[in-house]
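Hi everyone, thanks for coming. Please take a look at the model on the screen, and I'll walk you through it.

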Amino acid sequence: MAKTFPYAYIRKKTCKTEKAVIPIQSKVVQYGLGFFSGIRGYWNGDNKNIYLFRMEDHFNRMQESAKIMHMRFPLSYPKFKKIVIDLIKKNKAKGDIYIRPTVYAASTELTPRLNNPDDDLAIYMISLKDYFKSNTGVKVCISSWRRVEDDAISMKAKVTGAYANSALAKTEALLNGYDEPIFLNRDGSVCEASGANIFGIKDGQVYTPPLSANNLNGITRRSIIELFEKELNMKVREENFDRSTLYTFDELFFTGTAAKVAWIASVDQRKIGKGTMGKYTKKVKRIFDEITEMKHDKYSQWLTPVY
Ligand SMILES: Cc1ncc(COP(=O)(O)O)c(C=O)c1O
C-alpha cells in the first residue's frame with residue numbers, strides 16, 4: 001500500500017498534508033482547472049540517498065502545460081527544485097517515492113475561465129513501489145472510450161480535469177476484469193493507456209505512437225526511445241498503428257513514471273507473443289532499472305540527488 005507522507009506544500013508553505021486543502025468553490029474542484037506531473041524518487045541503499053528522475057524535464061513539461069492552459073507557474077527551475085527537495089527532507093523520506101506537483105486554479109470566481117491571478121503550486125508525496133504487477137504481466141483491453149482529442153483538451157498538458165477520460169476507461173477495464181485500458185483516438189489509431197505510453201516490437205522493430213496521436217509526451221517514453229537507440233542500436237519508429245496490429249505484436253509494454261517499464265501479457269484476451277516478457281522488453285527494462293539504481297554513469301545527469 002502506498003503511504004502518504006505527513007507534510008505537503010501549498011500556498012508557498014509546507015504544512016501537514018491533511019491541512020493542504022482547497023476550497024470547494026475553487027475552479028480546480030468545480031472545473032478541473034489544473035495541471036500536474038508525477039516525479040519518481042528512487043532510493044539507493046548503498047548511497048543512502050534518493051535520486052529524482054529527470055526532474056528538470058518534469059519542470060519543463062509543467063511550464064509547457066502552463067502555457068497551453070493559460071495558467072501561472074512563475075517559478076524558475078532552481079526554485080522549484082529547492083521546494084521539492086526541501087519537502088522530501090522535511091518528510092525524512094528513505095525509500096522509493098512518488099511526488100505530485102499540481103498547479104491548480106485557486107480562483108473561486110464562478111466563471112469557468114482560465115488566466116486567473118491566483119494559480120498556486122501544491123505538492124504531496126507518497127511511497128510507491130510497483131504500479132503494475134511485474135511478474136504476471138498486464139492484462140489489457142481496448143477501451144470503448146476514445147481519447148480526448150488535442151483540439152478538445154490537450155493530453156500534452158496533463159490537465160487535471162482531462163483525467164476524467166482516463167478514469168472512465170480505467171474503471172471500465174477494471175470492472176471487466178482487466179488491469180488497464182488502451183485508448184484509440186478518433187481516427188482509430190492506438191494512443192496510450194490511462195496513465196502510461198505504449199511501445200510494441202514486431203520482427204525486431206520497435207514502434208510507438210507519435211506524439212500527434214493525442215498521448216502525453218512521456219518522460220519515460222523519451223528515455224526509452226533514447227535507450228533503444230543508444231544502447232541497443234535499434235531505431236524506434238514513431239508511427240500510428242491500429243488495433244488489429246496491436247494484437248499481432250511480438251512484445252508490448254507500457255512506460256511511465258508510475259508504470260516504469262511494464263510488460264503486457266494480453267490485449268482483449270489475445271496473448272501477446274509467448275505471453276511472457278519479451279527479450280527486447282527485458283533488455284531495455286534492465287538498462288532502465290540499472291540507470292535508476294545508479295549503475296550507469298553515462299546517464300547520471302538524469303538523476304538529481306536529494307540528500
Ligand atoms: C496519460 C499518461 N500518459 C503517459 C504517462 C507517462 O508519462 P511519464 O513517463 O512522463 O510519467 C502518464 C504518466 O504521467 C500519463 O498520465
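**Two domains, one chain**

Let's start with how the chain is divided: there is domain 1, residues 7-127, and domain 2, residues 138-292. Those bounds come from an automatic or database domain assignment. Taken over C-alpha atoms, the centres of domain 1 and domain 2 are 25 Å apart. Where the two meet, 20 residues of domain 1 are in contact with 21 residues of domain 2, and contact here means heavy atoms within 4.5 Å.

A quick word on the ground rules. This is a predicted model, where local features need pLDDT of at least 70 and side-chain atom pairs count only at pLDDT 80 or more, while totals for chains, interfaces and linings use all residues. Residues are numbered from 1 along each chain as its sequence is written, and side-chain values use heavy atoms, leaving out hydrogens and water.

Now for the whole chain. You can find seven helices and 17 strands in it; these are DSSP runs, with helices being H or I of at least four residues and strands being E of at least two, numbered from the N terminus. What is the radius of gyration of the chain? The chain has 19 Å, which agrees with the value near 19 Å for a compact globule of 307 residues. That radius is taken over C-alpha atoms, and the globule rule is 2.2 Å times the number of residues to the power 0.38. Along the principal axes, the C-alpha trace spans about 50 × 50 × 30 Å.

How much of the chain is buried? Of the 307 residues, 55% count as buried. Buried means under 20% relative accessible area, exposed means over 50%, and partly exposed is in between, with a 1.4 Å probe and protein chains only. As for contacts between residues at least 6 apart in sequence, 70% join residues at least 24 apart.

Asparagine 115 has a phi near 65° and lies in the loop between β6 (97-104) and β7 (120-127). With a relative accessible area of 40%, asparagine 115 is partly exposed. Asparagine 214 has a phi of about 75° and is in the loop between β12 (205-208) and α5 (219-231). Is asparagine 214 buried or exposed? It counts as buried, because its relative accessibility is 6%.

The loop between β12 and α5 also holds leucine 216, which is buried at 11% relative accessible area. Leaving aside neighbours within four places in sequence, leucine 216 is in contact with several residues, including Arg61, Met155 and Glu192.

Next, please find helix α4 (residues 163-175), where asparagine 165 sits. Asparagine 165 is buried, with a relative accessible area of 9%. Which residues does asparagine 165 contact, leaving aside neighbours within four places in sequence? They are Arg146, Arg147, Val148 and Phe183.

Our last stop is serine 266, in strand β15 (residues 260-267). Serine 266 counts as buried, at 12% relative accessibility. Beyond its neighbours within four places in sequence, serine 266 is in contact with Val138, Lys139, Val140, Lys271 and Ile272.
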